[in-house]
Amino acid sequence: MRHVLPQAALAAAVLLCPAGAFAGAQVYEELAGSVRNRMSAALADRSVTELLFRNREDAHKWLFEMSRRLESRVPDRKQRIDLLRTVHFEATRAGLDPQLVLGIIEVESRFRKYAVSRAGARGYMQVMPFWIKLIGRRGDNLFHLRTNLRYGCVILRHYLDLEKGDYFRALGRYNGSLGKAAYPRAVLAAWKVRWGYPGATS
């Protein structure tokens with residue numbers, strides 16, 4: 001069953017849960033061989049990053065609006081646009097809402113590329129290094145923009161599938177805080193209140 005927070009509760013969560021307060025650590029779990037193979041294959045796909053919209057005008061509108069919202073956090077325009085393009089591409093190819101991924105990045109790292117949590121999680125989406133050995137390739141750099149987002153999106157997709165679409169539980173797993181409400185509420189609030197954009201994934 002999916003957990004849905006009322007709009008008032010989302011707004012309250014935004015005010016009560018400061019961004020960057022929940023950088024955590026995915027918990028190591030053994031994966032079935034088929035799951036590992038599927039996740040590894042998703043990581044290995046290095047197709048060209050592009051915005052997956054119906055038309056160019058929709059893509060420009062999304063980039064403009066998200067760039068406006070992100071400007072105070074990422075002042076450099078080129079860095080901001082690269083981040084947004086990569087978020088949109090990696091989220092969409094993983095079957096995720098790009099705005100959800102922006103919400104996770106806000107809560108996990110405050111959009112800091114080189115953020116490191118106390119547990120050792122790295123980068124924008126705070127990916128734990130054990131994932132490299134589990135599903136990746138030796139030498140993968142979790143501070144590299146596309147690598148970090150690719151891992152983060154593949155991992156979140158895995159948890160969403162595991163939890164049959166339940167965002168609340170999947171986000172808890174992603175952060176290593178399953179069973180606690182603070183992190184899922186903060187991400188869901190950021191997603192819906194700050195990064196919501198109708199029709200973004202077309």
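This is a conversation about how some descriptions of a predicted model are reached.

Trainee: Why is Val127 called buried?

Mentor: Buried means a relative accessible area under 20%, and Val127 has a relative accessible area of 0%, so Val127 is buried. Val127 lies in the loop between helix 5 and helix 6 (130-135).

Trainee: Which residues does Val127 touch, leaving aside those up to four places away in sequence?

Mentor: A contact requires heavy atoms within 4.5 Å, and on that basis Val127 touches Gln26, Gly120, Ala121, Arg122, Leu142, Asn148, Tyr151, Gly152, Ile155 and Tyr174. One of these, Tyr151, is 24 residues apart from Val127 in sequence, with the two C-alpha atoms 7.1 Å apart in space. For the protein, residues 24 or more positions apart account for 66% of the contacts with a separation of 6 or more.

Trainee: How do you know that helix 5 is mostly covered?

Mentor: With the limit for a buried residue set at under 20% relative accessible area, 12 of the 12 residues of helix 5 are buried, and the helix is described as mostly covered. Among them are Pro98, Leu102, Glu106 and Ser109. What covers the buried residues includes helix 3 (56-70), helix 4 (77-93), helix 7 (145-162), helix 8 (167-175) and helix 9 (182-194).

Trainee: Why is helix 4 called roughly parallel to helix 7?

Mentor: The axes of helix 4 and helix 7 come within 9 Å and cross at roughly 30°. Angles under 35 degrees count as roughly parallel, and therefore helix 4 is roughly parallel to helix 7. The crossing of these two helices is right-handed.

Trainee: Which residues meet where helix 4 and helix 7 are in contact?

Mentor: Helix 4 brings Asp82, Leu83, Thr86, Val87, Phe89, Glu90, Ala91 and Arg93 to the contact, where they meet Leu145, Arg146, Leu149, Arg150 and Cys153 of helix 7. Sorted by class, the contact of helix 4 with helix 7 has seven nonpolar, one polar and five charged residues.

Methods: Residues are numbered from 1 along each chain as its sequence is written. This is a predicted model: local features need pLDDT of at least 70, side-chain atom pairs count only at pLDDT 80 or more; totals for chains, interfaces and linings use all residues. Side-chain values use heavy atoms; hydrogens and water are left out. Buried means under 20% relative accessible area, exposed over 50%, partly exposed in between (1.4 Å probe, protein chains only). Helices (H or I, at least four residues) and strands (E, at least two) are DSSP runs, numbered from the N terminus. Axes are lines fitted to C-alpha atoms, for helices over the stretch in contact, and angles run from 0 to 180 degrees between N-to-C directions. Angles under 35 degrees count as roughly parallel, over 145 as roughly antiparallel, 65 to 115 as roughly perpendicular and the rest as oblique. A crossing is left-handed if the near helix is turned anticlockwise from the far one by less than a right angle, and right-handed if clockwise. Ala, Val, Leu, Ile, Met, Phe, Trp, Tyr, Cys and Pro count as nonpolar, Asp, Glu, Lys and Arg as charged, and the others, Gly among them, as polar.
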